[in-house]
Amino acid sequence: MKSANTIGTYRKSPFPKHRELLGNLVSLSPKYPIQVLMEVDVTKARTRIRDYKERTGKTLSFTAWLIKCISQAVSEYRQVQAYRKGKELVIFDDVDVGFAMERQGQQETGGLVLGAIVRKANEKSLSQINEEIRTAQAERMAYGTIVGEKEEARLAGVLQSLPGMVRRLAVWWYRRDPFLRKRTQGTIGMTSVGNVLGATSGMWAFPITLGPFPCYFGIGGVSKKPGSVDQNRVEVRELLPMCAMFDHDVVDGADVARFLGRLGELLKGAYGLDAEEFKDGG
């Protein structure tokens, strides 16, 4: 009697080199993370961004606006982006926001995607951040790039090509150099599933973030839900789900609460969109 074939058809493909590197980079995540899940009312900001496009025909990146708000909040509570170096904390003044994004040619290359870094985001206008993101999205690269700093991105290519044991040793060494980490990955991280989830898919979610940053944001897709307005009436509002991760070695829970409270104020108040160019008739 012949045995039934329970395996079925299948295929094999090489395990991507960059996936091996990503596995090693997990060791850079905080050992004792604080993770906070939340929803923020972004109705005012979304309305202004839509109005701006209708008036000018120009698209304003929602990611750019998020970076503007996050960088402002971090500039007021810089402790959240501190790196630990032995028994010291290195707290940078610049807020360098690293984020992942889809770029032209990404699917064809199959290489490691580093995304981009907006340097000194706390000192830049929303228009400047928006332009940097649009420029980075238009670039075609063999692997990830840092905005305006292609040479710095070569470090990932080098790490990716090393033998496993040597690569793990290099990552161990990299973890202990906050200045190199700032130079190559930034001080704040952000990842998003909002571009693939939302009203068209009928799904709203956000990633539970864990990564090689002292402060890392996972951004979901905006959804419309009933929300309180002026504490006395309920309206349909646009809510943004987020996950924020912090390194408990460098920041306490009370500081995290104050930081997130300030960030919530900026997001709800459409911070950065009050400039003349984004107002009606601007």
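Reader: Is Leu60 buried or exposed, and how do I read that?

Author: Burial is judged by relative accessible area: under 20% is buried, over 50% is exposed, and partly exposed lies in between, using a 1.4 Å probe and protein chains only. Leu60 has a relative accessibility of 6% and therefore counts as buried. This is a predicted model, in which local features need pLDDT of at least 70 and side-chain atom pairs count only at pLDDT 80 or more, while totals for chains, interfaces and linings use all residues. Residues are numbered from 1 along each chain as its sequence is written, and side-chain values use heavy atoms, with hydrogens and water left out.

Reader: Where in the chain does Leu60 lie, and which residues is Leu60 in contact with?

Author: Helices (H or I, at least four residues) and strands (E, at least two) are DSSP runs, numbered from the N terminus. Leu60 is in the loop that runs between helix H2 (43-56) and helix H3 (62-76). Contact means heavy atoms within 4.5 Å. Beyond its neighbours within four places in sequence, Leu60 is in contact with Ile49, Tyr52, Leu126, Asn130, Arg134, Leu273 and Phe278. Arg50 is 10 residues away from Leu60 along the chain, and their C-alpha atoms are separated by 8.5 Å.

Reader: What about Gly186: buried or exposed?

Author: Gly186 has 0% relative accessibility, so Gly186 counts as buried. This glycine is placed in the loop between H8 and strand E6 (188-192). Setting aside residues up to four places away in sequence, Gly186 touches Tyr83, Asp96, Ile117, Arg119, Arg181 and Phe213. From Gly186 to Lys120 there are 66 residues in sequence and 9.7 Å in space, C-alpha to C-alpha.

Reader: How do I read a pair of aromatic rings, and how many are there?

Author: Such a pair is described by the distance of the ring centres and the angle of the planes. Rings of Phe, Tyr and Trp (its six-membered ring) pair if their centres lie within 6.5 Å; planes under 30 degrees apart are stacked, over 60 edge-to-face, and the rest tilted. The whole structure holds seven aromatic pairs. In one of them, Tyr83 and Phe92 have ring centres 6.3 Å apart and planes at 75°, so the pair is edge-to-face. Tyr83 is buried at 4% relative accessible area, and Phe92 is buried at 11%.

Reader: What are the values for Phe246 and Phe259?

Author: Their ring centres are 5.8 Å apart and their planes stand at 80°, so this pair is edge-to-face. Phe246 lies in strand E9 (residues 233-247) and Phe259 in helix H9 (residues 253-268), so the pair ties together parts 13 residues apart in sequence. Phe246 is buried at 0%, and Phe259 counts as buried at 0%. Tyr77, Phe217, Phe246 and Phe259 form one aromatic cluster.

Reader: Which charge sits over the ring of Phe62?

Author: A charge sits over a ring if NZ of Lys or CZ of Arg is within 6 Å of the ring centre and within 35 degrees of the ring normal. The charged end of Arg46 is over the Phe62 ring, 5.6 Å from its centre. Lys182 lies over the face of Phe92, 5.5 Å from the ring centre.

Reader: How many helices and strands are there, and what share of residues is buried?

Author: The protein has nine helices and nine strands. Of its 282 residues, 45% are buried.
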